[in-house]
Amino acid sequence: MKQVFFSVVFILLSATAVWGQPTSAIDQLKADPRKAYGNDYPYQLAIPRLTKAPSGYKPFYISHYARHGSRYYWSSSLYKELDTLLTTAHQKQLLTPVGETFRQKFMAAKQELQTGVSELTELGWQQHQGIARIMYNNFPEVFKKGGNVLAISSLVGRCVLSMSAFCQELVQCNPKLEIREQSSRFTLDAVVPTDGQNPVKHNYPRYVKPRYEKNMKNFKREHGLRDKIAKRMFVSTEGLPGNIHHITSNLINLYTSLPSIGHEGMMEGIVSDEEIASEWEGGNLGAYSWVFGPQYQMIPILQDILQKASAAIDGSSDHVADLRFGHDTCIGPLTVLMGINGADLDPEDPYEVKNIYQNWETCKASNIQLIFYRSNKPGADTLVKCLLNGNEAKLPVPTQSYPYYKWSDFLQFYTQRCNK
């Protein structure tokens with residue numbers, strides 16, 4: 001039944017293909033306020049329009065990095081603290097009618113939430129199934145003859161299951177594919193180099209400050225939402241465990257997680273998507289610091305991408321695809337390291353950050369796909385195209401034929417960036 005359901009959903013998505021996106025971050029928020037959830041935003045399956053390859057070129061190899069799909073909240077502390085808060089507020093009769101309705105819904109789901117902490121949800125599984133099928137349908141030439149695929153994952157269960165969902169769907173598309181799945185300390189350097197179990201140790205800078213932080217005094221942050229949430233939830237906040245900022249932060253974190261776990265509507269009347277979107281820019285600044293800081297620690301992933309692509313191009317590897325499944329703590333900084341869509345520009349003006357990085361690009365199941373093209377003309381350049389979450393993306397590599405880049409220029413640029 002789940003497979004039938006997924007197939008119907010996919011057909012509907014295919015029938016309502018997305019042919020473009022609003023250009024500005026604010027326009028995108030107006031079109032879909034849930035993007036303000038940032039890295040809690042559930043991946044949206046859609047079929048974007050892709051630029052036709054130059055004459056004579058066909059795709060032959062794909063290199064990929066993805067975050068795990070939708071999950072329950074990553075830490076049990078959120079659910080435990082909300083349990084204590086709501087129980088105390090109920091006993092002291094501090095809840096409004098809206099707050100009491102929420103408490104009842106939360107308590108009914110509490111056992112499920114606490115059991116599911118950090119685990120992949122059904123939606124997370126379906127996201128990676130859908131991404132795999134879209135990849136297969138977009139680039140059938142890569143997979144049509146079968147071939148070998150290597151998929152590697154973080155040691156964390158939700159990443160392993162995301163990998164399995166993706167790989168199973170590829171095999172459903174073409175049973176001739178031979179896919180090796182691996183979740184191992186041997187491959188951590190290529191997927192989560194910062195994992196404490198990684199036997200390979202590096203001495204890259206752990207954190208680099210973005211320049212906008214020096215000018216934060218020029219940024220006017222909106223703060224009204226937390227007061228609104230507190231007034232809707234409580235008749236008084238006196239005697240509640242924890243300070244009001246932490247309490248409302250927990251409530252917002254729960255709210256943005258609800259679509260991923262199938263509990264939308266639990267917090268009706270307490271907060272809305274539009275209200276969260278109204279304060280998005282301030283949160284996006286913090287997210288940029290968070291992904292900008294550890295970018296150099298992702299050099300091993302980029303080096304693995306370069307090495308495996310080189311082997312696929314020169315024929316020393318028979319892989320038609322190399323797949324990697326990890327976390328937002330890796331794909332976010334990797335996006336900055338690679339300068340995808342200008343994420344490495346490091347503006348001084350806080351108000352410019354939203355134009356070069358939007359935190360929903362590091363959403364659940366976010367992914368980078370590098371598609372490699374070969375010409376039927378002897379001696380012609382190999383080309384590469386970058387997709388971020390399925391959409392064609394710009395790189396800081398010089399090119400005369402965007403979204404296609406010469407592999408020789410790509411390799412030289414990123415080798416120099418890693419070495420520098």
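Reader: Hi! At roughly what angle do the axes of helix H12 and helix H14 cross?

Author: Hello! The axes of H12 (residues 299–314) and H14 (residues 407–419) cross at roughly 150° and come within 10 Å. That makes H12 roughly antiparallel to H14, a label for angles over 145 degrees, with under 35 roughly parallel, 65 to 115 roughly perpendicular and the rest oblique. Axes here are lines fitted to C-alpha atoms, for helices over the stretch in contact, and angles run from 0 to 180 degrees between N-to-C directions. Helices (H or I, at least four residues) and strands (E, at least two) are DSSP runs, numbered from the N terminus.

Reader: Thanks! What kind of model is this, and how are residues numbered?

Author: This is a predicted model, where local features need pLDDT of at least 70, side-chain atom pairs count only at pLDDT 80 or more, and totals for chains, interfaces and linings use all residues. Residues are numbered from 1 along each chain as its sequence is written, and side-chain values use heavy atoms, with hydrogens and water left out.

Reader: Back to that pair: which residues in H12 meet H14?

Author: From H12, Ile299, Leu302, Gln303, Leu306, Ala309, Ser310 and Ile313 meet Trp407, Phe410, Leu411, Tyr414, Thr415 and Cys418 in H14. Contact means heavy atoms within 4.5 Å. By class, the contact of H12 with H14 has 10 nonpolar, 3 polar and no charged residues. Ala, Val, Leu, Ile, Met, Phe, Trp, Tyr, Cys and Pro count as nonpolar, Asp, Glu, Lys and Arg as charged, and the others, Gly among them, as polar.

Reader: And how do H13 and H14 cross?

Author: Helix H13 (residues 328–338) and H14 have axes that cross at roughly 110° and come within 11 Å. H13 and H14 are therefore roughly perpendicular to each other. Val336, Leu337 and Met338 in H13 meet Phe410, Tyr414 and Arg417 in H14. That contact of H13 with H14 divides into 5 nonpolar, no polar and 1 charged.

Reader: New topic: which residues of H8 are buried?

Author: In H8 (224–233), the buried residues are Leu225, Ile229, Ala230 and Met233. They sit on the same side of H8, because they cover an arc of only 135° around the axis, taken from the directions from the helix axis to the C-beta atoms. Buried means under 20% relative accessible area, exposed over 50%, and partly exposed in between (1.4 Å probe, protein chains only).

Reader: What do those buried residues pack against?

Author: They pack against helix H3 (76–91), helix H4 (97–116), helix H9 (244–261) and helix H10 (273–278). Exposed Asp227 and Lys231 are on the face of H8 turned away from its buried side.
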